[in-house]
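Please look over the model below before reading on.

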Amino acid sequence: MSNGTLTRKLGFWAALAIAVGTTVGSGIFVSSGDVAKAAGTPTISILAWIIGGVIAIPQVMVLAELSTAYPQNGSGYVYLNKAGWRPLGFLYGWATFWALDPPSIAIMALAIVSYIASFLPFFNGISGKLLAIAIILIITSIHYRSVKEGGLFQVIITAVKIIPFLIVIGLGLMYMNPGNFSYVPASGEVKTSLIGGVSATTWAYTGMAAICFMAGEFKNPGKVLPRALISSVLIVLALYTLLAVCIIGLMPFEKLINSSAAVSDAVKYIPGLSDVASSFVAVTAIIVILGSLSSCIMFQPRLEYAMAKDGLFFQRFAKVHPKYETPSFSIIVQVTYACILVMFSNLTALLGYFTLIQLLINIMDFAAVYKCRKRDDYNPVYRMPMWRLTTILAILGASWLAWGTFTWAPIEGMIAAFIVIATGLPVYYYWEKKYGSKNKINLVA
């Protein structure tokens, strides 16, 4: 029976599956074309994928150190609190709950349905929205009843989602045309840009930090979290780079730079799969996005659970199910909110506008290590090499992504940030006054 806190039941493979499963999502199906277009040449395109993954390495190293120093649920919220930036930590969770996590669940469920509708046109309109809700509820039932079973499901679905990519890579290496790599753009036709190519990969590498939200539920976190974080970057880096090589080798580069569905278009060049390319990619997309959806439903409610335990969120979110030992109320509320959002449109734009403030707070997350290292209770099991340089590189990489998001929608991003601050700070000061005795983080799990 539960003692009112979440217990450590997950191991390395669950951690790795959550990290990889969250990262490898729907974006990879279109980003290959975007990266190629931004890079301008095959060589620069492949190099962009490699550098994009390398940039993520110092970021996960910083998180590995922080998470082993404070192996508690809550991720950035915990680190910002420990750094003495409590209001910022609250705004991080406030924005995440209202504008990022449930909307992302809704978007992924709708994306799955859109691919299902390519086989079953019946699932368009209201019937598709109802199916999206049903998918969310089925996945939720797994993670609501058991974190251990949820972890096992995540391991299985992540393994399954990698298989189609391995098939494409294996066949791509067999049937690629080496001449595609010698493509040279006509003078003045295409601008080559390594920076542009790397920038186009950044979102594809986002997601490894998901396991930090559940740091309080991993056994032996001092070893499991660093291994899972660093391994996930290397696995995703290898997967994306090999996939990029195969896509470029399969289809003419001049067609790739104009493709909005690069994986699907590349599969058409594989003998035996050309006639079923669209169906193959649609099934792959369903599995891939399902894995990401499962991961998000699993880790996202842990942030509000951690905040509620600390007196900075609705107290019922700290409730742990007496039998299943999961943050039951937090799961139910977030999923209910996501199901409501399924009935609305333009969620992608909403997610993008509010992403800017989360990225800025992520930069503060990395900077928090400077403050945390001065604390007496800072005793991480893992310490990153050359920590000052590593932290600077992590901050620069996150700043690059934040700048790209800002240039995409500067006015909307600033309005979203203002909304978060204007609505969040009054609530923060109310809860801080009401639960002032909890000013020091007291998370047990």
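This is a predicted model: local features need pLDDT of at least 70, side-chain atom pairs count only at pLDDT 80 or more; totals for chains, interfaces and linings use all residues.

Residues are numbered from 1 along each chain as its sequence is written, and side-chain values use heavy atoms, with hydrogens and water left out.

The interior comes first. A nonpolar core is here a set of buried Ala, Val, Leu, Ile, Met, Phe, Trp, Tyr and Cys residues joined through side-chain atoms within 4.5 Å. Buried stands for under 20% relative accessible area, exposed for over 50%, and partly exposed for values in between (1.4 Å probe, protein chains only). The largest such core has 148 residues, and Ile 211 and Phe 218 touch the most other members. Helix α9 (residues 221-250) gives the most to this core, with 16 residues; helices are DSSP runs (H or I, at least four residues), numbered from the N terminus. Apart from neighbours within four places in sequence, Phe 218 has contacts (heavy atoms within 4.5 Å) that include Arg 8, Leu 10, Ile 18, Ile 211 and Val 224.

Ser 45 belongs to helix α3 (residues 42-69). Ser 45 has a relative accessible area of 1% and is therefore buried. Not counting residues up to four places away in sequence, Ser 45 touches Val 35, Ala 36, Ala 39, Ile 248 and Phe 253.

The charged pairs come next. A salt bridge is a side-chain nitrogen of Lys or Arg within 4 Å of a carboxyl oxygen of Asp or Glu, and the count by this rule is eight. One of them joins Glu 325 to Lys 9, with the closest N and O atoms 2.4 Å apart. Glu 325 lies in the loop between α13 (301-309) and α14 (328-342) and Lys 9 in the segment before α1 (12-23), so this pair ties together parts 316 residues apart in sequence. Glu 325 counts as buried at 11% relative accessibility, whereas Lys 9 is partly exposed at 26%.

A salt bridge also links Lys 82 and Asp 377, at 3.4 Å between the closest N and O atoms. Because Lys 82 sits in helix α4 (residues 76-82) and Asp 377 in the loop between α15 (347-372) and α16 (387-408), the pair ties together parts 295 residues apart in sequence. Lys 82, Arg 375 and Asp 377 are linked in a salt-bridge network.

Technical notes. Helices (H or I, at least four residues) and strands (E, at least two) are DSSP runs, numbered from the N terminus.
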